[in-house]
Amino acid sequence: METIRQTPDGAASCGAITDMQGPSPTRRLFDKLLSLRWVLLAVIIVSGFIYIPIVENFRVSMTNRDIFTGEVSNVGLTNYQRLLDDPVVWRALLNNTFYALISIFFQVFCAFVLAAIIEGLRNRRVRNFWRAVYFIPSAISTTVTGLLFYFIYQPDVGLMDAALTFLGLEQFSHPWLALESTAIFGIIAMSQWQGFGYSTLLFSIAIQKIPRELYDAATMDGAGPVRQLFSITFPMAREMSGLMIIVTITGAFQVFNEVMVMTSGGPSNSSQVLGTWFYEQAFILNDFGYGAAIAAIIFVVTMLTGIAQVWYTRKRRVQL
């Protein structure tokens with residue numbers, strides 16, 4: 001860039017102070033490469049702990065490997081063929097699906113409605129009290145919660161059967177975790193009790209960010225609480241709902257601790273999930289190739305679910 005100066009006789013003179021074209025292309029390229037140093041460490045860490053293990057897992061799933069002797073043999077897609085022929089895998093996949101569907105109902109839909117009710121209370125102290133009440137179970141360790149419900153479900157001496165007897169419903173008392181028809185649902189119920197409050201708190205945070213002017217305008221137009229819930233609150237909290245669906249489904253297909261603590265997959269593999277069946281095959285039966293194939297299925301299901309939900313959420317995003 002140049003500057004023009006006025007001389008005493010009225011003539012103009014030019015003086016170059018900087019180059020109007022700015023840094024050279026070489027300099028700009030160097031600056032871009034230099035800025036990459038801030039993300040290089042993160043890329044190395046993420047690659048070392050996430051992407052490389054994923055690729056390695058798929059490679060291991062095409063082998064038979066003995067961890068004690070170190071013997072490795074390539075078997076191609078044989079382990080994936082075993083998955084299709086394994087009835088326990090299908091049972092575990094069905095249990096994970098039940099887990100996901102029930103969790104979406106309670107930890108997304110019901111938690112969203114409860115959060116809207118809590119945020120609709122006018123007294124701030126009352127709102128804080130109910131947030132804390134519902135969040136407390138989420139602060140308890142999953143292992144501790146599993147042991148707690150294990151004793152609650154105990155026949156004759158457990159709190160569940162005692163409550164049924166007190167209400168005159170003793171005909172419904174039975175060993176909840178010892179029957180194939182109820183074991184997985186007893187575990188799912190425990191999980192909903194623990195995760196319900198955490199989901200409610202996240203939805204409360206999302207609802208707090210919605211401008212109050214929208215509710216005031218809807219009230220003036222005669223919209224009631226239910227109409228405001230589905231016309232204002234839900235659309236404005238759509239991104240949080242999408243996030244919670246992703247987290248819920250991913251967690252449902254990665255569930256492990258609850259089942260191991262309460263039933264270890266029994267009775268007769270009726271409460272097996274993909275995570276526990278993977279653990280048993282890989283670490284108990286020393287079949288790492290088959291275990292890696294099960295882990296690959298878990299990864300593919302959760303990844304596809306996340307991609308689909310992110311696409312849907314972006315497509316339906318609401319702009320103020």
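Student: Where is Q194 found?
Tutor: Q194 is part of helix 8, which covers residues 183-208.

Student: And which residues does Q194 touch?
Tutor: Leaving out residues up to four places away in sequence, Q194 touches P137, S138, I140, S141, T142 and T145.

Student: You said predicted. What pLDDT does the protein average?
Tutor: The average is 86, and 91% of the residues score at least 70.

Student: Which elements have the lowest and the highest mean pLDDT?
Tutor: Strand 2, residues 12-16, is the lowest with a mean of 47. At the other end is helix 4, residues 87-119, with the highest mean, 95.

Student: Where is the pLDDT below 50, then?
Tutor: One such stretch is residues 1-5, which has 19 contacts in the model beyond near neighbours in sequence. Another is residues 10-19, and that stretch has 21 contacts, again beyond near neighbours in sequence.

Student: Switching topic. In the largest nonpolar core, which residues touch the most other members?
Tutor: Those are L83, F203, M262 and L274, in a core of 53 residues.

Student: Where does the largest share of that core come from?
Tutor: From helix 4, which supplies 13 residues. That's the helix with the highest mean pLDDT, too.

Student: Let's zoom in on M262. What is M262 in contact with, leaving aside its neighbours within four places in sequence?
Tutor: Its partners are G146, F149, Y150, Y153, L177, G186, I187 and M190.

Student: What about L147, where is its place?
Tutor: L147 is in helix 6 as well. Its relative accessible area is 42%, so L147 is partly exposed.

Student: How far is L147 from D85?
Tutor: Their C-alpha atoms are 34 Å apart, while along the chain the two are separated by 62 residues.

Student: New topic: helix 1 and helix 2. At what angle do they pack?
Tutor: Helix 1 (residues 25-35) and helix 2 (residues 37-60) pack at about 40°, and their axes are 5 Å apart. That angle makes helix 1 oblique to helix 2.

Student: Which residues make the contact?
Tutor: L33, L34 and S35 come from helix 1, and R37, W38 and V39 come from helix 2. By type, the contact of helix 1 with helix 2 has 4 nonpolar residues, 1 polar and 1 charged.

Student: Is S268 buried or exposed?
Tutor: S268 counts as exposed, because its relative accessibility is 61%.

Student: How far apart are S268 and G242?
Tutor: In sequence they are 26 residues apart, and in space 36 Å, C-alpha to C-alpha.

Student: Last one, N286. What is its phi near?
Tutor: The phi of N286 is near 60°, a positive value in a residue other than glycine. N286 is in the loop between helix 13 and helix 14 (288-315).

Student: Buried or exposed, that N286?
Tutor: N286 is buried, because its relative accessible area is 17%.

Notes. Residues numbered from 1 in each chain as written. Predicted model: local features only at pLDDT ≥ 70, side-chain atom pairs only at ≥ 80, totals over all residues. Heavy atoms only, no water. Axes fitted to C-alpha atoms, helices over the stretch in contact; angles between N-to-C directions. Helix = DSSP H or I, 4+ residues; strand = E, 2+ residues; numbered from the N terminus. Parallel < 35°, antiparallel > 145°, perpendicular 65-115°, else oblique. Contact = heavy atoms within 4.5 Å. Nonpolar A, V, L, I, M, F, W, Y, C, P; charged D, E, K, R; others polar. pLDDT = per-residue confidence, 0-100. Core = buried A, V, L, I, M, F, W, Y, C linked by side-chain atoms within 4.5 Å. Buried < 20%, exposed > 50% of the residue type's maximum accessible area, 1.4 Å probe, protein only.
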